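Me: I'd like to go through this one term by term. Can you show me the chain, and then I'll ask what stands behind each label?

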Amino acid sequence: MNSEPITTGQERSVIEDMLDSNRRALIATAHGLSESDARRRLVPSLTTPISLIKHAAAAERIWFQRFWGGLAENECDGYSRRDEGTFSVADTESLAEVIAEFERASQRSREIASQFSLDDTQRQPIEGVVSMRWTMLAMIQEFARHAGHGDILREQIESGQPRN
């Protein structure tokens, strides 16, 4: 992957690079945490460092595999329902496994997205007609927001914030 951000040039290259940058930023919020710290509940919701990455993998599948790729739920490489289950992490799943799952889902998203132009559209039941451009920008927004959540959780963990 490119270490220097793409800040000029073709729109698609800039969008793809920004999306990948936010994927990496989300992973970085949990990278190096212990298994117990990755699962620490510091807020009332299911939001933990590991669950943010698990949720992001599901978001990749929901938008790229199911919506754009037209795959059925059982054809996806993991959880792909649009509900709170996207934050569920099994006790047997390690942080490294969840990160690898997100990376696999992201790679599959890249492959599916490459088959469409930014202007291609489809009707989505909740949002209405959306383009590939909108989808990629929505994922940038989603992952940036969750990376911010992850940064705050990590700061709390590293400062010794007590558990809820």
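What follows is a run of questions about the labels, each answered with its cut-off.

Reply: Ground rules first: this is a predicted model, where local features need pLDDT of at least 70, side-chain atom pairs count only at pLDDT 80 or more, and totals for chains, interfaces and linings use all residues. Residues are numbered from 1 along each chain as its sequence is written, and side-chain values use heavy atoms, with hydrogens and water left out.

Me: What makes up the secondary structure of the chain?

Reply: Five helices and two strands, running α-α-α-α-β-β-α from the N terminus. Helices here are DSSP runs of H or I with at least four residues, strands are runs of E with at least two, and both are numbered from the N terminus.

Me: Why is E60 called buried?

Reply: Buried means under 20% relative accessible area, exposed means over 50%, and partly exposed lies in between (1.4 Å probe, protein chains only). E60 sits at 0%, so it counts as buried. This residue is in helix α3. Leaving out residues up to four places away in sequence, E60 touches R23, Q65, F102, A105, S106, S109 and F143, where contact means heavy atoms within 4.5 Å.

Me: How do you know that the span of α4 is what its 19 residues should give?

Reply: The expected span is 1.5 Å times one less than the number of residues. For α4 (residues 95–113) that comes to 27 Å, and the end C-alpha atoms are 27 Å apart, so it agrees.

Me: And what makes one face of α4 the buried one?

Reply: Its buried residues include L95, V98, F102, A105 and S109. Seen down the axis, the buried residues of α4 fall within an arc of 155° (directions from the helix axis to the C-beta atoms), so they line one face. Turned away from that side are the exposed A96 and R104. The buried residues pack against α1, α2, α3 and α5.

Me: What makes a set of residues a nonpolar core?

Reply: They must be buried Ala, Val, Leu, Ile, Met, Phe, Trp, Tyr or Cys, joined through side-chain atoms within 4.5 Å. The largest such core has 38 residues, and L26, I53, L95, F102, M132 and F143 touch the most other members. Its largest share, 11 residues, comes from α3.
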